[in-house]
Amino acid sequence: MAATFILTAELDPASFAWLDGLRRNYFPPERNLLPAHLTLFHRLSSEQTGRLREVRLPRGPIRVLLDAPLPPGPGVAIRIRSPDLEQVRSAARLAMGGEFSRQDSQGWRPHVTIQNKVAADVAKRLRQQLATDFEPRAGAATALLVWEYLNGPWKPVDRLPF
């Protein structure tokens with residue numbers, strides 16, 4: 001069976017620490033196998049990830065805005081806004097080519113999940129709690145990270161810095 005890879009954006013240390021702290025506090029511990037992450041593509045082949053070195057990446061960190069809580073379904077996520085990161089994702093998609101999963105072919109809604117697979121009322125309470133005094137935070141994306149999916153946990157494979 002061929003390996004499956006995931007592509008995420010690395011966030012600056014302060015943004016990552018804040019989001020990962022939220023995830024550790026609110027994600028069900030028995031299901032929290034990963035640190036906070038901003039996924040660009042969920043299912044890639046080794047051929048596709050091998051083409052990422054062809055992508056012209058920014059020459060330094062790019063601005064992101066940790067914008068607001070939003071519901072990804074039965075949970076809570078923090079929406080991320082960054083036209084520059086959207087351009088990087090588009091360039092990566094073009095360079096990788098090939099077939100993309102249904103999830104990766106749909107519109108991209110950048111976010112970091114901090115709570116998932118909980119009862120709807122639990123997620124609603126957390127969204128309301130966070131929205132009450134939420135203030136957008138400036139941050140930065142600093143690299144692309146390639147991970148191998150291991151049926152739950154992920155193994156780091158490559159880092160492509162900006």
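The structure is a predicted model, in which local features need pLDDT of at least 70 and side-chain atom pairs count only at pLDDT 80 or more, while totals for chains, interfaces and linings use all residues. Residues are numbered from 1 along each chain as its sequence is written, and side-chain values use heavy atoms, with hydrogens and water left out.

Helices (H or I, at least four residues) and strands (E, at least two) are DSSP runs, numbered from the N terminus. Two strands pair if DSSP finds at least two bridges between them. Strand 1 runs antiparallel to strand 2 (residues 38-44), joined by four bridges, and Leu-7 stands opposite Phe-41 there. Strand 1 is also antiparallel to strand 6 (residues 137-149), with seven bridges; here Ile-6 faces Trp-147.

Helix 5 (residues 120-133) comes next, with Ala-123, Leu-126 and Leu-130 as its buried residues. Seen down the helix axis, these fall within an arc of 65 degrees, so they line one face of helix 5; the arc is that of the directions from the helix axis to the C-beta atoms. An α-helix has 3.6 residues a turn, so residues three or four places apart point the same way. The face turned away from the buried side carries the exposed residues Ala-120, Thr-132 and Asp-133. Among the elements covering the buried residues are helix 1 (13-26) and strand 3 (62-70), contact meaning heavy atoms within 4.5 Å.

Finally, the whole structure holds seven salt bridges, each a side-chain nitrogen of Lys or Arg within 4 Å of a carboxyl oxygen of Asp or Glu. One of them joins Arg-159 and Glu-10 (2.7 Å, N to O), linking strand 7 (residues 154-161) to strand 1 across 149 residues. Arg-159 is partly exposed at 41% relative accessible area, whereas Glu-10 is buried at 19%. Asp-67 and Arg-81 form another, with their closest N and O atoms 2.7 Å apart. Because Asp-67 lies in strand 3 and Arg-81 in strand 4, this pair ties together parts 14 residues apart in sequence.

Note on methods: Buried means under 20% relative accessible area, exposed over 50%, partly exposed in between (1.4 Å probe, protein chains only).
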